[in-house]
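Try each one before reading its solution.

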Amino acid sequence: MSSRCRVDALAVAGLAAACLALLAGGCERERREYRNAPEVREPAQPRMTDFQPGAPTRATVDPVGLHYENNAYHITQGGRLFRWFNCNGCHGAGGGGMGPALMDAQWRYGGRIDQIHASILEGRPNGMPAWHGKLTDMQAWQLAAYVRALSGNVRKDAAPSRRDAMAATPPPIQMPEQPPRDGDPSATSTPQP
Amino acid sequence: MTPRLPAVACLCALALVACTGVQSPLAATGDQARAIERVWTLMLWICGTTYVAVLIALGWGIWRRWKARTAANMAGEGVARDRLLSWALAAWVALVVGLLSWLVGASYLADRRLHGDRADLTVRITAKQWWWQVEYLDPDPSRHFITANELRLPRDRNARIELESADVIHSFWVPTLSGKEDLIPGQHNAIVLTPRVTGRFRGQCAEFCGLQHAHMALDVVVEDQAAFEAWRERQLRPAMMPSKPAAIAGAQVFAQSACATCHTVRGTPAGGRSGPDLTHVATRYTLAAGALPMERGAMAAWIADPQHPKPGNQMPPVPLQPRQLADVVEYLMGLE
């Protein structure tokens with residue numbers, strides 16, 4: 001009888017410990033870092049497309065980018081900067097307008113986080129201004145992480161569950177995941193007669 | 001010496017906080033705060049007297065019972081109804097209801113006083129995480145200007161303060177001038193302040209609004225009308241053109257780096273709206289919403305790493321060379 005009791009107590013304690021360990025899993029998603037190390041390295045120049053002669057090479061994502069992409073705090077801060085710096089002016093809450101939509105699978109200059117980071121800093125033809133020197137590197141990464149969240153390409157546990165401003169689109173956590181496809185949509189569509 | 005003594009001393013020391021007049025509702029210097037203080041004093045006296053009366057009645061009851069017991073005269077107690085006691089009880093209930101109604105009435109009248117009055121001046125305060133944007137409104141748009149973390153008011157004038165929030169719920173509280181009023185996103189609140197004493201006071205966000213809630217203070221300066229008008233004319237002017245070589249270099253760095261993306265310096269290309277307006281930053285008393293004094297060293301420390309004195313705030317550390325940092329500090333400290 002007493003050994004039975006001990007086994008039960010052990011099982012309960014084990015279960016409680018397992019539940020607590022599950023809670024600890026949430027710690028990493030929102031670890032807040034307020035400053036990045038001063039930038040000394042050369043800014044990475046990610047390739048914008050894997051279109052090339054010969055066998056395709058495997059693209060590797062900048063590990064810095066992966067770090068920002070999986071962090072709820074950085075993604076939310078990116079959303080704040082998206083409003084502050086009037087990205088909505090052209091990209092209309094991700095739905096597009098004068099600029100391309102950011103909530104779909106089409107990426108002219110690559111949809112990986114390091115490619116988006118490069119597009120923000122370098123600017124792109126037909127209207128995207130270069131933000132290099134106007135944003136800190138950390139802010140550019142945060143913006144890129146938020147842009148990834150707009151098409152459901154960040155971890156679900158890190159994606160914001162609500163929008164802070166009026167929007168016609170659902171919050172990032174409810175966006176269907178749309179893995180990036182390279183290239184201009186006009187190139188793949190059938191030509192009109 | 002018992003170990004309880006230091007604890008008691010600490011608790012008593014907490015009460016000393018109320019002695020300073022800079023941020024205390026017990027040192028009222030405005031009409032609205034005085035109305036609140038009157039209600040507060042009235043309540044203190046009524047509640048204090050009631051408390052003492054109840055204690056005396058309780059002591060008397062205990063003593064009476066104890067005496068009756070020693071006299072071995074318990075028979076009949078609680079059976080006979082004491083007429084006098086009934087009357088006393090009825091009078092007590094009436095007194096309590098009357099006093100409570102009086103307090104409610106006084107509180108209502110004081111509250112009316114806080115919100116209604118003709119305004120000589122309108123200021124719009126927008127709370128942001130974690131600082132205050134202060135806009136002086138004027139029917140003439142050219143006389144409209146924005147400053148931050150400092151509210152200057154003329155003495156003996158009614159200033160209408162419109163309260164808004166840009167992110168979460170904050171609360172505006174300048175204890176020497178008035179009571180608390182919340183700033184709620186999407187809602188327009190307003191209070192009237194009528195300062196009667198010149199001097200420097202302190203306001204504080206009184207609703208938990210995030211990590212740096214404690215470092216969200218507001219300097220309030222009350223001046224006479226002439227000094228206020230002079231200050232206002234000065235604030236309306238665009239920023240001072242730098243004259244020293246270091247300051248000129250600093251102005252260039254400021255306009256071409258990430259600083260200008262968020263901050264405005266009127267009269268220069270810097271026009272960002274998401275951070276505090278720095279056109280006349282050196283005329284303010286404090287930096288970073290009361291977190292640091294307005295001094296050269298504090299300014300340099302703040303720009304070099306804003307995340308050290310106020311972790312989590314929205315200003316990122318901007319990578320600047322030591323020379324550039326010194327130039328920017330020289331430039332900003334000259335913006336008077």
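**Exercise 1.** Work out how helix 5 and helix 6 of chain A pack, and which residues meet.

*Solution.* Start with the axes: in this predicted model, helix 5 (residues 113–122) and helix 6 (residues 137–150) of chain A pack at about 125 degrees, their axes 9 Å apart. Helices here are DSSP runs of H or I, at least four residues long, and axes are lines fitted to C-alpha atoms over the stretch in contact, with angles from 0 to 180 degrees between N-to-C directions.

Next, classify the angle. Helix 5 of chain A is therefore oblique to helix 6 of chain A (under 35 degrees is roughly parallel, over 145 roughly antiparallel, 65 to 115 roughly perpendicular, the rest oblique). The crossing is right-handed, meaning the near helix is turned clockwise from the far one by less than a right angle.

Now the contacts (heavy atoms within 4.5 Å). Helix 5 of chain A brings residues including Ile113(A), Ile116(A) and Ile120(A), and helix 6 of chain A brings, among them, Trp141(A), Leu143(A) and Val147(A).

**Exercise 2.** Why does Cys87(A) form no disulfide?

*Solution.* First, the count: zero disulfides over all chains (cysteine sulfur pairs within 2.5 Å). Then the distance: the closest cysteine sulfur to that of Cys87(A) is in Cys90(A), 8.9 Å away, so too far for a bond. Finally, Cys87(A) is buried at 16% relative accessible area, while Cys90(A) is partly exposed at 29% (buried is under 20%, exposed over 50%, partly exposed in between; 1.4 Å probe, protein chains only).

**Notes.** Residues are numbered from 1 along each chain as its sequence is written, and chains are lettered from A and ligands numbered from 1 in the order written. Local features need pLDDT of at least 70, side-chain atom pairs count only at pLDDT 80 or more, and totals for chains, interfaces and linings use all residues, while side-chain values use heavy atoms, leaving out hydrogens and water.

How values were computed:
Helix = DSSP H or I, 4+ residues; strand = E, 2+ residues; numbered from the N terminus.
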